[in-house]
Structures are given as C-alpha cells and as structure tokens.
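Biologist: I would like to learn how to read a fold from its coordinates, one feature at a time. Could you take me through an example?

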Amino acid sequence: MFICVCNAITERQVQGAVARGASTLADLQGELGVASCCGCCAETATEYLPGGRYAGQVTAPQTEGTRVSDAANDATAPLVEVLIRRA
Ligand code: FES
C-alpha cells in the first residue's frame, strides 16, 4: 500500500525507516522523502511513528514477483494507458 503517492513510498518503506530509528516526520522526510510534495500523506505517515496508531504493525510479505515500486513507475500499466488515451 502506498503511503505517499507523490513519491511512490510504500507502507513497508515507512515501517522499515521506523524500524531503523526514524521517530519524527522529519526523520521520514529525510530518509524517504515522504510528505515532501503535496503533504497529504504527512498525517498517515506520522501514524507509523512510535506512539502512532500503526506503530509496531508489520505488513505481511508480498508474494513473489510483486514489486510495488516498479508497478508505480511502470508507464505501461493498464490504468496509465487508459488515462493517456482519454487525455
Ligand atoms: S502524497 Fe506524499 S507528498 Fe503528496
């Protein structure tokens, strides 16, 4: 699941940063770039920090072959094709 759509940052990346010691939104911004564009993800990202609603939760591993970061940047993804053709 994406936390930051602007920068294609996933929940797992945020959880990883927290596991490595990120404890503030500024830490997440510095390490991942989360909430560095529109800022809409700042509140959600903060919930993964210590004391937050999602703190300590671990997302189940993705199945083999699923690479979210690749899919987000794949210009040939079907939804992207539909949007381009409608433009
Ligand atoms: S959704 Fe994260 S900066 Fe826009």
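Modeller: Start with the order of elements: from the N terminus on, they run β-β-α-α-α-α-α. That makes five helices and two strands in the protein. Keep in mind that this is a predicted model.

Biologist: What percentage of the residues count as buried?

Modeller: Of the 87 residues, 17% count as buried. As for contacts between residues at least 6 apart in sequence, 47% of them join residues at least 24 apart.

Biologist: How do I read the burial of a single helix? Which residues of helix 1 are buried?

Modeller: The general idea comes first. An α-helix has 3.6 residues a turn, so residues three or four places apart point the same way. In helix 1, the buried residues are Gln13, Val14, Ala17 and Val18. They lie on the same side of helix 1, because the arc they cover around the axis is only 140°. The cover over these buried residues includes strand 1, strand 2, helix 2 and helix 3.

Biologist: Take one of them. What does valine 14 touch beyond its neighbours in sequence?

Modeller: Valine 14 sits in helix 1, which spans residues 11-19. Leaving aside residues up to four places away in sequence, valine 14 touches Ile3, Ile9, Leu28, Leu32, Val34, Ala45 and Tyr48. Valine 14 has 28 other C-beta atoms within 10 Å, and the cut-off for buried is 20 or more, so valine 14 counts as buried. Its C-alpha atom is 9.6 Å from that of phenylalanine 2, twelve residues away along the chain.

Biologist: How should I describe the packing of helix 1 against helix 2?

Modeller: Two packed helices are described by the angle between their axes and the distance between the axes. Here the angle between helix 1 and helix 2 is about 115°, and the axes are 10 Å apart. Helix 1 and helix 2 are therefore roughly perpendicular to each other. Their crossing is right-handed.

Biologist: Which residues of helix 1 and helix 2 meet?

Modeller: Gln13, Val14 and Ala17 come from helix 1, and Leu28, Glu31 and Leu32 from helix 2. Sorted by class, this contact has four nonpolar, one polar and one charged residues.

Biologist: Now the backbone. What should I look for in phi?

Modeller: Most residues other than glycine have a negative phi, and most peptide bonds are trans. Look, then, for the positive values. Alanine 8 has a phi near 50°, and alanine 35 has one near 60°. Each is a positive value in a residue other than glycine.

Biologist: Where are alanine 8 and alanine 35?

Modeller: Alanine 8 is in the loop between strand 1 (2-4) and strand 2 (9-10). Alanine 35 is in the loop between helix 2 (25-32) and helix 3 (42-46). With 16 other C-beta atoms within 10 Å, alanine 8 is partly exposed. Alanine 35 has 23 within that distance and is buried.

Biologist: And cysteine 40: is that residue buried or exposed?

Modeller: Cysteine 40 is exposed, with 11 other C-beta atoms within 10 Å. It belongs to the loop between helix 2 and helix 3. Sequence separation is a further thing to check: cysteine 40 and isoleucine 3 are 37 residues apart in sequence, while their C-alpha atoms are 9.4 Å apart in space.

Definitions and conventions. Residues are numbered from 1 along each chain as its sequence is written. This is a predicted model: local features need pLDDT of at least 70, side-chain atom pairs count only at pLDDT 80 or more; totals for chains, interfaces and linings use all residues. Helices (H or I, at least four residues) and strands (E, at least two) are DSSP runs, numbered from the N terminus. A residue is buried if 20 or more other C-beta atoms lie within 10 Å of its own, exposed if 12 or fewer, and partly exposed in between; C-beta atoms are placed from the backbone. Two residues are in contact if their C-beta atoms, placed from the backbone, lie within 7 Å. The arc is that of the directions from the helix axis to the C-beta atoms. Axes are lines fitted to C-alpha atoms, for helices over the stretch in contact, and angles run from 0 to 180 degrees between N-to-C directions. Angles under 35 degrees count as roughly parallel, over 145 as roughly antiparallel, 65 to 115 as roughly perpendicular and the rest as oblique. A crossing is left-handed if the near helix is turned anticlockwise from the far one by less than a right angle, and right-handed if clockwise. Ala, Val, Leu, Ile, Met, Phe, Trp, Tyr, Cys and Pro count as nonpolar, Asp, Glu, Lys and Arg as charged, and the others, Gly among them, as polar.
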